[in-house]
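Student: I have a model open and want to go through it residue by residue. Can we take it as questions and answers?

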Amino acid sequence: MKRMLKLLIFLIFLGSCSKNYTSSGKIETDEIWKGKIKLKGDVIVEELATLKILEGSRITYSKKSNFNTHYIKSSPIGNVDVLQDDRIEIIVKGVLKVIGKDGKEVIFEGKKQAGGIVFLSDKKGSIIRFAKFFKTGVAIRCYGESNPVIENVYIKGSELGGIGLWDTSKPVIKKVEIEDSLHGIGVSDFSEPEISSCVIMGIKKAGIFTEGDSKARVFSNKVTGCNVGIAIGDISKPEIFKNSISGCGAGISMWVNAEPRIYENKIFKNITGIVIQEEAKPYIFKNEFFENGGGIGANDGAEPCLLYTSPSPRD
């Protein structure tokens, strides 16, 4: 009798997961997705709702969107609609829980219409765990005060970038692998993420870049085979430590008035280890440099502080 009751509850649960899902439009009450989900337009998880996507689910996208929403963001060049194209996206104003498992990841199988996931909410509890994104515009974007945990995620073939962060977002990003994309992870505005234990490879521009007045903590990552391993601009002040950076044009490059702290990294087999431009003021100490074409290069306006590099960055 107990077994039959458990089976009945399980079947009801499966039915609620797989049949009546929102393929476009607003989710205003809690919803669970499981199995094959085809999105026909933007899906908005409203403020009081939680969307759960369960292990093994596969998200695909229609060739043409039947519904698109907008998010207007102020910028130095005026107001910009960051959702202005017709890509299909999941926009999170409430809570999103993508709950895959090792070997049973949630798959976002993108093509031309796939936009990815956009977090707008300051609510705690959103998570993307054990998921794979293929050929999205930008797999994951964070705006406002959003703070999702993003871990054990694989991203490949993003047209614009793997993960983008703006405003005052504070996500935790760990054990993420990004490859074969235009950008890896971008940190802008006043964002303060923690980025750790990631593998970023084969990126056409920067594996990780920070700009604006952002303050990222970037540690224990492997960045390899990118045009620039880590790029640092504007007045950003990232803390970059215990990373492995190799096989890039420049291992680390900085410009404008950036003030990074760069320490205990292994920087090797790059064309140039570190490039310091304009009036950047890095603090560089206790790094290992080896087998680079050049060690550290700085122009006349830069003000680097170099301590305890081993071996000499000229080697």
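Tutor: What follows covers one arginine and then the cysteines, in a predicted model.

Student: Which strand holds arginine 141?

Tutor: Look for the strand that spans residues 138–142. Arginine 141 falls inside that run, so its place is strand S14.

Student: Is arginine 141 buried or exposed?

Tutor: The relative accessible area of arginine 141 is 11%. Buried means under 20%. Arginine 141 is therefore buried.

Student: Which side chain makes a polar contact of 2.5 Å with the side chain of arginine 141?

Tutor: Two side chains come up here. Tyrosine 143 is joined to arginine 141 by a side-chain polar contact of 3.2 Å. The contact at 2.5 Å is with the side chain of glutamate 89.

Student: Which tryptophan does arginine 141 touch, leaving out residues up to four places away in sequence?

Tutor: The residues touched include Val82, Leu83 and Glu89. Ile117, Val118 and Phe119 are also among them.

Student: How many disulfides does the structure hold?

Tutor: Take cysteine 226: its nearest cysteine sulfur, that of cysteine 248, is 4.7 Å away. A disulfide needs sulfur atoms within 2.5 Å, so cysteine 226 is in no disulfide. Cysteine 248 is in no disulfide either, with the sulfur of cysteine 226 as its nearest. The number of disulfides in the structure is zero.

Student: Is cysteine 248 buried or exposed?

Tutor: Cysteine 226 has 4% relative accessibility and counts as buried. For cysteine 248 the relative accessibility is 3%. The limit is under 20%, so cysteine 248 counts as buried.

Methods. Residues numbered from 1 in each chain as written. Predicted model: local features only at pLDDT ≥ 70, side-chain atom pairs only at ≥ 80, totals over all residues. Heavy atoms only, no water. Helix = DSSP H or I, 4+ residues; strand = E, 2+ residues; numbered from the N terminus. Buried < 20%, exposed > 50% of the residue type's maximum accessible area, 1.4 Å probe, protein only. Polar contact = N/O pair within 3.5 Å; in protein donor to acceptor, adjacent residues only side chain to side chain. Contact = heavy atoms within 4.5 Å.
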